[in-house]
Amino acid sequence: MGAEERLAALKLELPPAPKPMALYVTALRMGDLVYVSGHGPLKPDGSLIKGKVGADADVELGIAAARQTGLAILATLRDHLGSLDKVVRLVKSLGMVNCTPEFGDQPKVINGYSELMKDVFGAEAGVGVRSAVGMGSLPGGIAVEIEAVFQVKD
Amino acid sequence: MGAEERLAALKLELPPAPKPMALYVTALRMGDLVYVSGHGPLKPDGSLIKGKVGADADVELGIAAARQTGLAILATLRDHLGSLDKVVRLVKSLGMVNCTPEFGDQPKVINGYSELMKDVFGAEAGVGVRSAVGMGSLPGGIAVEIEAVFQVKD
Amino acid sequence: MGAEERLAALKLELPPAPKPMALYVTALRMGDLVYVSGHGPLKPDGSLIKGKVGADADVELGIAAARQTGLAILATLRDHLGSLDKVVRLVKSLGMVNCTPEFGDQPKVINGYSELMKDVFGAEAGVGVRSAVGMGSLPGGIAVEIEAVFQVKD
């Protein structure tokens with residue numbers, strides 16, 4: 001089963017492919033890699049999930065934000081590639097959580113994204129290397145930002 | 001018009017190519033990519049722009065620091081490549097802003113760097129993927145640190 | 001002298017190769033590069049060095065944590081490659097320090113890792129590009145997290 005078929009079976013709704021918020025492109029292909037810009041938790045209605053985990057947001061909101069960020073990244077990939085079936089595998093992700101200095105469950109939060117990637121691309125191709133870390137702040141107060149690299153084929 | 005000609009037309013002054021502040025090299029070529037270490041806002045007089053945006057520094061200082069960081073990166077690239085005309089394109093940047101936990105205009109700050117890259121390398125080759133995020137702190141209290149990857153040719 | 005021989009001469013003890021703490025792999029090979037996930041300061045007894053540098057931890061603890069993180073990365077590389085002699089060079093490191101907003105000696109802290117890499121892989125192959133930055137927080141309160149890319153051969 002390909003990624004597009006899995007996505008349909010999971011009844012997942014992608015947000016519209018995000019527009020750049022500033023002077024960058026959302027994705028760029030170099031050889032067989034696609035570099036993906038830092039994405040936020042963009043919802044289908046165009047709003048973003050905001051909050052500082054450990055203060056005005058809890059771990060569950062963080063997990064949902066990480067998952068929503070993954071859906072935004074999928075929207076960008078489909079927009080750039082034409083189809084998610086051109087993704088060979090997830091290579092690398094940097095998962096950044098907007099949280100308090102005392103917060104320590106960044107891996108649990110970023111799993112909201114990683115579980116989605118596994119569900120869509122499979123247990124081997126959907127699991128790459130990763131860092132999950134706590135940021136002092138993120139643009140517009142979003143709860144999570146993730147940048148990633150994927151291997152692709154024509 | 002090539003990057004060196006554009007740089008001259010813009011009358012931009014590059015700082016001296018930064019020396020490593022610790023045990024690393026400022027740039028490293030692997031195939032057709034040059035990986036660039038995290039750079040700070042080094043000025044031609046050798047000083048660095050410091051400050052925490054949202055506290056003792058405002059957005060305008062942050063933008064100026066991001067632009068100055070871009071000039072330092074250009075100095076490193078020219079030093080390693082011999083000429084900026086060997087840059088094919090900007091691939092990827094991680095823009096890190098030293099700011100308060102409440103600050104949310106990281107994309108605006110990092111645009112100070114991204115506008116410079118567009119001016120020097122052009123609207124296509126000078127615009128890559130990017131993350132703009134808020135750090136808890138940066139070395140020596142510098143206002144901005146940016147690491148990047150460029151595609152180059154011989 | 002190869003890396004394995006140098007490691008033996010230095011009488012360095014590697015911790016057990018870290019298991020993923022969440023949904024990711026610790027290392028992934030793509031062509032001649034190995035991408036390494038964010039690692040923490042894992043000790044041979046399985047515990048992690050924790051602390052916030054500038055608050056409940058000092059620079060010396062940070063340096064020791066960075067070095068221990070390097071040993072954990074070496075354990076992962078040996079586990080994935082069979083031997084550290086397959087490492088051609090260190091390409092890139094992102095060194096993240098769990099520290100206070102006022103802390104500014106991240107380069108000194110991350111040198112604990114960089115000195116180790118130089119000792120094991122040599123003054124040319126063991127020194128790559130690097131960023132050393134201050135994070136708001138890290139998983140489980142660890143003092144340092146480092147992700148890296150290495151060039152490898154068969």
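Author: Let us begin with a term: a polar contact is a pair of N or O atoms within 3.5 Å, where, within protein, one must be able to donate a hydrogen and the other to accept it. The model shown here is predicted. Across the interface of chain A and chain C, 13 residue pairs are in polar contact, both residues being at pLDDT 80 or more.

Reader: Which elements of chain A give two or more residues to the side that touches chain C?

Author: They are β3 (87-98), α3 (106-121) and β4 (129-135) of chain A. The largest share, 7 residues, is that of β4(A). Sorted by class, this side of chain A holds 13 nonpolar, 10 polar and 5 charged residues.

Reader: How many salt bridges does the rule find across the interface of chain A and chain C?

Author: The rule finds 1. K92(A) pairs with E147(C), and their closest N and O atoms are 2.7 Å apart.

Reader: How is the size of such an interface expressed?

Author: It is often given as the accessible area lost when the parts come together. Here chain A and chain C bury about 2000 Å² between them, with 64% of it on carbon and sulfur atoms. In this interface, 28 residues of chain A are in contact with 24 residues of chain C.

Reader: And how does one describe the arrangement of copies?

Author: Two copies of a chain are related by a rotation about an axis and a shift along it. Chain B can be laid on chain A by a turn of 120° and a shift of 0.0 Å along the axis, with an RMSD of 0.0 Å. The two copies are therefore related as by a three-fold rotation axis. In chain B, G136(B) has the C-alpha nearest the axis, 2.6 Å from it.

Conventions: Residues numbered from 1 in each chain as written. Chains lettered and ligands numbered in written order. Predicted model: local features only at pLDDT ≥ 70, side-chain atom pairs only at ≥ 80, totals over all residues. Heavy atoms only, no water. Contact = heavy atoms within 4.5 Å. Buried area = accessible area lost by both parts, 1.4 Å probe. Salt bridge = Lys/Arg side-chain N within 4 Å of Asp/Glu carboxyl O. Polar contact = N/O pair within 3.5 Å; in protein donor to acceptor, adjacent residues only side chain to side chain. Helix = DSSP H or I, 4+ residues; strand = E, 2+ residues; numbered from the N terminus. Nonpolar A, V, L, I, M, F, W, Y, C, P; charged D, E, K, R; others polar. Least-squares fit on C-alpha atoms with pLDDT ≥ 70 in both.
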